[in-house]
Amino acid sequence: MNLELMLPLILYLVLVLGIGFWASRHRAGGDFVQEYFIGNRSMGGLVLAMTLVATYTSASSFIGGPGAAYKIGLGWVLLAMIQLPTVWLTLGVLGKKFAIIARRVNAVTINDMLWARYQSKAVVVLGSVTIILAFIATMVVQFIGGARLLETATGLSYQQGLFLFASCVLLYTVIGGFRAVVMTDALQGIIMLIGTCALLAGILIAGDGLPNLIHQLREIDPKLVSPQGAGDMLTQPFMLSFWILVCVGVVGLPHSALRCFGYRDSKALHRGILIGTVVSALLMFGMHLAGALGRAILPGMDSPDKIMPSLMMEVLPPWLAGVFLAAPMAAIMSTIDSQLIQSSATLVKDLYLNYLNPKQEKLEVRIPRLSLLCTLILGTLVLLAALQPPEMIIWLNLLAFGGLQAVFLWPLVLGLYWSRANGPGALASMVSGIVCYGMLSQWGIKLAGLHAIVPSLGLGLAAFVVVSLLTPPPDQGVRRLFEQQ
């Protein structure tokens, strides 16, 4: 094991643990639920931008995405840039209204917002169950990515890497809560930028420049430098589906939408949109281009998901490779911690407080302990599930993403912008969307060659509008709450 390689990584892990302990001090004497789950709504523009980018940029983006680019070619780099407007869309569509209304109703979770808008227990319960199941699946993907990264780069076994990675993430998330999550996200975003730029520069130097690398790709397979990609995989229906799944539909991801609760003021929102869009563009382009060009340097990889750590070891000096090793670790950890804290909030705030203990007996004693315990148990379950990984993690991640979007996109967006939206319409949209998505995904059905998310969102929208128009409108109090600026 190379000490020069491990030292930057160890320093990074110590630093994020330190942030977790620092964040835990802010809970003393305050409102535990507000601080632990939403950080007392105190994020500035830079932190808001970095936490959104870091939360969205996961193992799929830093490990699976470049792996797909390695396999398919430069066409996947162009396709990946579809994700460029994700921060702008999330903060632009949801940001201002979400923040205003969340403060009015004291919302801490996405389901708090759904309850305030639709007054439906069925909507809240279905949303809670979907979040927990989908987040467990996506967290498994992140744990797999972190373990594979350590396995490839350090010589640890997959299981050893998994336990080292998981223990660090669980410790600082359980201890620090939301504040630790967003502060480490800001640090992780900066590390991802540095690591991506360093790796891309190392690849260009090792490959004698971009023209030579592209020539080598063309020698391996001419399709690697074509817009359609190897095997002509990138068809128009595939690209339309991908655009819906990883760009427009991102507005419906609960862990991204939750960031709209926690910023400080309008200035922070506007600054977050600008910084987040620029950082997201640099990361997406750099990561996927590195994966595609890596095929020319390491053409015989047995698993595409190993290309990023393998390139790191090949083209960078050990100390700089250690810095880069922290970059994908940061991408992975920043997604896990966000989903872990929101899953815990869903169990404790949305289900336990509302349904299992509606009288809130012994609240001051039980809630802190229960929140910490739920976070720890969920993380442990995900750790156990990650012990048997699939071959390419990007597809599992996209499957869970689609399920979340099929359930949450229309209830969130139409709930904010359509006054006629009501509880029965939201429930019909959620049920029809997830059932359609599950059936099409399970049976591999592609209507007109489209990914399951496209017809599922179409059906969910139609069900929402029709059922809302056929049932009584929401009461005037709810409409006034959501229409006032």
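Where is the place of Leu447? Leu447 sits in the loop between α18 (423-443) and α19 (453-470). The views below start with the whole chain and return to this loop.

**View 1. Overview of the predicted model.** This is a predicted model: local features need pLDDT of at least 70, side-chain atom pairs count only at pLDDT 80 or more, and totals for chains, interfaces and linings use all residues. Residues are numbered from 1 along each chain as its sequence is written, and side-chain values use heavy atoms, with hydrogens and water left out. The protein chain has 20 helices and zero strands (DSSP runs numbered from the N terminus; helices are H or I, at least four residues, and strands are E, at least two). Of its 485 residues, 61% count as buried (under 20% relative accessible area; exposed is over 50%, partly exposed in between; 1.4 Å probe, protein chains only). The accessible surface is about 17900 Å² (Shrake-Rupley method, 1.4 Å probe; for residues, only the protein chains shown count as cover). Carbon and sulfur atoms hold 68% of that surface.

View 2. Val431, Val435, Met439, Trp443, Ile445 and Leu447 make a nonpolar surface patch of about 550 Å². Patch residues have over 30% relative accessible area and no salt bridge; nonpolar side chains (Val, Leu, Ile, Met, Phe, Trp, Tyr) are joined within 5 Å, like charges within 9 Å. Leu447 is partly exposed, with a relative accessible area of 44%.

**View 3. Arg295 in helix α13.** Arg295 lies in α13 (residues 266-297). Arg295 is buried yet has no salt bridge (a side-chain nitrogen of Lys or Arg within 4 Å of a carboxyl oxygen of Asp or Glu). The nearest side chain of opposite charge, Asp221, is 5.9 Å away (Lys and Arg count as positive, Asp and Glu as negative; His and the chain ends are not counted). The Arg295 side chain does reach the backbone oxygen of Tyr70, at 2.8 Å. Beyond neighbours within four places in sequence, Arg295 contacts Tyr70, Lys71, Leu217, Ile220 and Leu224.

**View 4. Helix α14.** Seven of the nine residues of α14 (residues 307-315) are buried, so the helix is largely enclosed by the rest of the structure. The buried residues are Ile307, Met308, Pro309, Ser310, Leu311, Met312 and Val315.

**View 5. Leu373 and Val174.** Leu373 is found in helix α16 (residues 363-385). Leu373 is partly exposed, at 44% relative accessible area. Its C-alpha atom is 8.2 Å from that of Val174, 199 residues apart along the chain.

Terms used:
Polar contact = N/O pair within 3.5 Å; in protein donor to acceptor, adjacent residues only side chain to side chain. Contact = heavy atoms within 4.5 Å.
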